[in-house]
Amino acid sequence: ARPRRIALHVHPYGEGRRLLLSRDVTAVEQAEAMRRDFVANVSHEIRTPLTVLAGFVETLQTLELAAPEQERYLGLMAQQAQRMQMLVADLLVLSRLEGSPPPGAGEWMAMQGLMAQCEQEARALAAVQAKTLRLVFDAGDGMAVAGAPGELQSALSNLVSNAVRYTPSGGTVEVRASPTPQGGVALSVRDTGPGIAPEHLPRLTERFYRVDRSRSRESGGTGLGLAIVKHIVQRHGGELRIESAPGRGSTFTMVLPPGRVRVQQPDVTRS
Ligand code: ADP
């Protein structure tokens with residue numbers, strides 16, 4: 001364990017007396033260090049595409065390129081701009097999540113709808129990445145989840161998008177909703193991708209933590225996806241479970257507690 005940091009303050013207290021105050025500032029200092037790291041990371045993440053972009057602008061200004069070459073440079077510039085847009089969008093999502101109170105029961109949302117939206121996105125993303133994947137979606141029987149619909153949708157979409165991005169062509173992505181023994185619901189996203197070595201697992205949900213930086217960038221990652229998912233799941237009183245091993249694919253599961261799920265029993269009185 002790290003040594004604790006204690007701050008001592010001496011206050012004058014009445015005539016000739018002193019009051020000694022001690023305060024444990026370990027947590028405060030840790031939070032401050034994390035904030036500094038975060039700002040440094042964000043600066044770095046923005047500077048990289050910006051440098052590339054500025055380089056291309058300069059090239060276009062100084063070289064007289066033929067039209068097809070110009071086109072190519074403009075395409076590469078658009079990619080860098082898009083990368084920054086995605087990063088800023090994810091940063092805004094995170095800051096909104098941190099600045100707002102946890103959602104109450106909110107609205108009930110049909111699992112079927114949640115899944116249908118994710119399926120559409122997954123198919124579109126696989127097509128853009130020119131991948132052939134077997135995509136399986138199982139919304140379970142008549143389940144509904146409670147909370148902030150936009151957040152739950154975004155959390156599941158993030159996991160599905162990761163599975164599609166990291167799984168090579170020919171693989172499978174399976175998304176399932178199933179009741180847990182505790183009366184909650186488990187939303188799991190399983191893929192047959194490369195899997196993740198155990199030493200990375202504990203840090204995977206940290207902001208900007210990536211196992212393979214270039215693979216993440218190439219596939220359009222910001223490094224913030226899992227941090228966002230974890231935040232959303234915890235705000236809903238649940239937890240994010242990760243099971244993965246190199247060469248054996250990964251399963252990311254959002255487990256929501258009983259109050260967040262309702263199962264519409266099949267109507268047995270009707271015959
Ligand atoms: P990114 O935008 O880089 O994908 P995430 O926060 O979503 O950021 O994920 C963090 C890292 O976890 C990724 O960079 C990748 O190394 C790893 N990862 C996430 N999902 C998967 C997956 N389904 N299969 C393999 N690795 C994954």
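## Where the annotation sits

UniProt positions are given here in the numbering used for this structure, and its annotations may be inferred rather than shown by experiment. With that in mind, the unreviewed UniProt entry puts the feature "domain: Histidine kinase" at residues 41–260. What you're looking at is a predicted model.

How is that span built? Residues 41–260 are 49% helix and 19% strand.

## Around the ligand

Let's go to the ligand next. It is surrounded by 20 residues, and the closest are Arg165, Tyr166, Asp191, Ser216 and Gly223.

In the side chain of Ser216, an N or O atom is 2.5 Å from an oxygen atom of the ligand. Asn162 has a polar side-chain atom 2.9 Å from a ligand oxygen. With Val211 it is the backbone that takes part: one of its polar atoms is 3.1 Å from an oxygen atom of the ligand. How much of the ligand does the protein cover? On its own the ligand has 530 Å² of accessible area, and the protein covers 97% of that.

Helix α6 runs over residues 225–235, and it is mostly covered, with eight of its eleven residues buried. Those buried residues are Gly225, Leu226, Ala227, Ile228, Val229, Ile232, Val233 and Arg235.

What do they pack against? Just past the helix, take a look at Gly237, which has a positive phi of about 80°.

A search of the whole structure turns up 18 salt bridges. One of them joins the side chains of Arg4 and Asp24, at 2.7 Å from N to O. This pair links distant parts of the chain, since Arg4 is in the segment before β1 (6–12) while Asp24 belongs to strand β2 (residues 18–24), 20 residues apart. Is Arg4 buried or exposed? Its relative accessibility is 57%, so Arg4 counts as exposed. Asp24 comes out at 36%, so it counts as partly exposed.

The side chains of Glu32 and Arg35 meet at 3.1 Å, N to O. Both residues lie in helix α1 (residues 26–62), three residues apart, which is about one turn of the helix. Glu32 is partly exposed because its relative accessibility is 33%, and Arg35 is also partly exposed, with a relative accessible area of 45%.

## A buried pair and a network

Which residue does the side chain of Glu45 meet in a salt bridge? The partner is Arg210, with 2.9 Å between N and O. Here again the pair links distant parts of the chain: Glu45 is in helix α1, Arg210 is in the loop between β7 (185–191) and α5 (213–218), and they are 165 residues apart.

Why does Glu45 count as buried? Buried means under 20% relative accessible area, and Glu45 has a relative accessibility of 5%. Arg210 has 11%, so it counts as buried by that cut-off.

Finally, salt bridges can share partners, and here that joins Arg134, Asp138, Glu174, Arg176 and Arg190 into one network.

Terms used. Residues numbered from 1 in each chain as written. Predicted model: local features only at pLDDT ≥ 70, side-chain atom pairs only at ≥ 80, totals over all residues. Heavy atoms only, no water. Buried < 20%, exposed > 50% of the residue type's maximum accessible area, 1.4 Å probe, protein only. Helix = DSSP H or I, 4+ residues; strand = E, 2+ residues; numbered from the N terminus. Near = heavy atom within 4 Å. Polar contact = N/O pair within 3.5 Å; in protein donor to acceptor, adjacent residues only side chain to side chain. Areas by Shrake-Rupley, 256 points an atom, 1.4 Å probe, with all protein chains shown as cover. Salt bridge = Lys/Arg side-chain N within 4 Å of Asp/Glu carboxyl O.
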